[in-house]
Amino acid sequence: MTMFHQGNRDLQQQFGSTALADRLVERLRRSEFNEEDRAFIHSVEFFFLATAAPDGHPDCSFKGGPPGFVRIVRPDLLVWPDYDGNGMFKSLGNIGLNPFVGLLLIRIGEAPKRLRVNGRAEVVLDDPLMREFVGAQALVRVTPIDIFPNCPRYIPDLAAGKPSPYVPCADRPPLEPGWKSNPAWNEVVPPRRA
């Protein structure tokens with residue numbers, strides 16, 4: 001499975017970012033979790049889950065719990081419990097008919113971080129791992145296809161009540177993130193358009 005479809009490629013070409021997109025995939029994309037992923041994922045208290053119905057209509061859900069409620073059990077397997085909810089089963093119902101999911105895991109605060117996980121999910125009602133999650137009514141198992149860190153520069157520091165310093169403002173020039181001048185990327189970073 002490729003990371004980019006023609007719609008992605010058309011916009012990358014229009015904005016001059018094809019080489020950067022390819023470099024990011026080459027250097028950062030993986031299909032198995034590493035120890036840094038494990039530590040981060042086990043520390044989060046929430047994530048966002050994207051699913052789609054078989055006809056393509058999307059759905060995005062918030063999933064939350066104590067640190068460790070979403071966890072890596074093998075380098076190629078992530079799990080989390082489904083807790084009692086509103087009974088609509090939008091996400092889990094979508095997974096039953098279209099197993100492709102996207103997870104966005106975020107740390108908000110002084111040291112923001114994001115990790116994206118795209119993969120194939122299944123909902124299991126009798127998984128032995130459910131005993132490890134108080135209140136679980138089902139377990140969602142995700143086999144990753146694409147795991148990649150995502151630039152955290154626009155994440156606000158909510159506790160401090162401060163927006164990200166990278167959010168564009170009319171009264172100052174844009175602040176460039178340090179990664180854009182890193183030798184691993186700088187030769188493929190397109191010029192800023194606005």
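This is a predicted model: local features need pLDDT of at least 70, side-chain atom pairs count only at pLDDT 80 or more; totals for chains, interfaces and linings use all residues.

Visitor: What share of the contacts in the protein with a separation of 6 or more comes from residues 24 or more positions apart?

Guide: Such residues account for 60% of those contacts.

Visitor: What percentage of the 194 residues in the protein is buried?

Guide: Buried residues make up 39% of the 194 residues. As for the surface, the protein exposes about 11,400 Å², and carbon and sulfur atoms supply 56% of that area.

Visitor: How should I read a nonpolar core?

Guide: The general idea is that nonpolar side chains tend to be buried together in soluble globular proteins. In this model the largest nonpolar core has 23 residues, and those that touch the most other members are Ile41, Phe47, Val70, Leu78, Trp80, Leu103 and Leu105. At least two residues of this core come from each of helix H3 (35–43), strand S1 (46–52), strand S4 (77–82), helix H4 (90–97), strand S5 (100–107), strand S6 (113–124) and strand S7 (138–149). S7 provides the largest share, four residues.

Visitor: Which residues does Leu105 touch, not counting residues up to four places away in sequence?

Guide: With those neighbours not counted, Leu105 touches Phe40, Ile41, Val44, Phe47, Val70, Lys113, Arg114, Leu115 and Val117. There is also a second, separate core of seven residues, which includes Val79, Met130, Phe133 and Ala136.

Visitor: Phe133 belongs to that second core. Where does Phe133 lie, and is this residue buried or exposed?

Guide: Phe133 lies in the loop between S6 and S7. Its relative accessible area is 5%, so Phe133 is buried. Leaving aside neighbours within four places in sequence, Phe133 is in contact with Gly68, Phe69, Arg71, Val79, Pro81 and Leu139. As a distance to find in the model, the C-alpha atoms of Phe133 and Gly93 are separated by 21 Å, and these residues are 40 apart along the chain.

Visitor: How does one find empty space in a protein?

Guide: Rolling a probe the size of a water molecule over the atoms shows where empty space is left. In this model the largest pocket holds about 1,600 Å³ of space. It is lined by 47 residues, of which Leu24, Arg116, Phe148, Asn150 and Cys151 are the closest to its centre. Helix H1 (6–15), helix H2 (18–28), S1, S5, S6 and S7 each contribute at least two residues to the lining of the largest pocket. By class, that lining has 28 nonpolar, nine polar and 10 charged residues.

Visitor: How much space lies in the second largest pocket, and which residues are the closest to its centre?

Guide: The second largest pocket holds about 340 Å³. Of its 20 lining residues, Lys63, Asp82, Tyr83, Gly85 and Asn86 are the closest to its centre. Strand S2 (58–64), S4 and H4 each supply at least two residues of this lining, and the largest share, five residues, comes from S2. The lining divides into eight nonpolar, seven polar and five charged residues.

Visitor: How many cavities of 30 Å³ or more does the structure hold?

Guide: The structure holds one such cavity, and the volume of the largest cavity is about 30 Å³. Arg153, Tyr154, Tyr166, Pro168, Pro174, Leu175 and Arg192 line the largest cavity. Five of these lining residues are nonpolar, none is polar and two are charged.

Visitor: Is Ser91 buried or exposed?

Guide: Ser91, which lies in helix H4, is buried, with a relative accessible area of 4%. Not counting residues up to four places away in sequence, Ser91 touches Leu49, Thr51, Asp59, Ser61 and Lys63.

Visitor: How should I read a backbone angle such as phi?

Guide: Most residues other than glycine have a negative phi. Phe89, although not a glycine, has a positive phi of about 55°. Phe89 is placed in the loop between S4 and H4, and this residue is partly exposed, with a relative accessible area of 45%.

Notes. Residues are numbered from 1 along each chain as its sequence is written. Side-chain values use heavy atoms; hydrogens and water are left out. On a 1 Å grid over the protein atoms alone, a cavity is a set of points where a 1.4 Å probe fits but cannot get out, and a pocket is an open set with protein on both sides within 12 Å along at least five of seven lines; lining residues have an atom within 4 Å of a point. Grid points are joined across faces, edges and corners, and a volume is the space filled by probe spheres set on the points. Ala, Val, Leu, Ile, Met, Phe, Trp, Tyr, Cys and Pro count as nonpolar, Asp, Glu, Lys and Arg as charged, and the others, Gly among them, as polar. Buried means under 20% relative accessible area, exposed over 50%, partly exposed in between (1.4 Å probe, protein chains only). Contact means heavy atoms within 4.5 Å. Accessible areas come from the Shrake-Rupley method with a 1.4 Å probe; for residues, only the protein chains shown count as cover. A nonpolar core is a set of buried Ala, Val, Leu, Ile, Met, Phe, Trp, Tyr and Cys residues joined through side-chain atoms within 4.5 Å.
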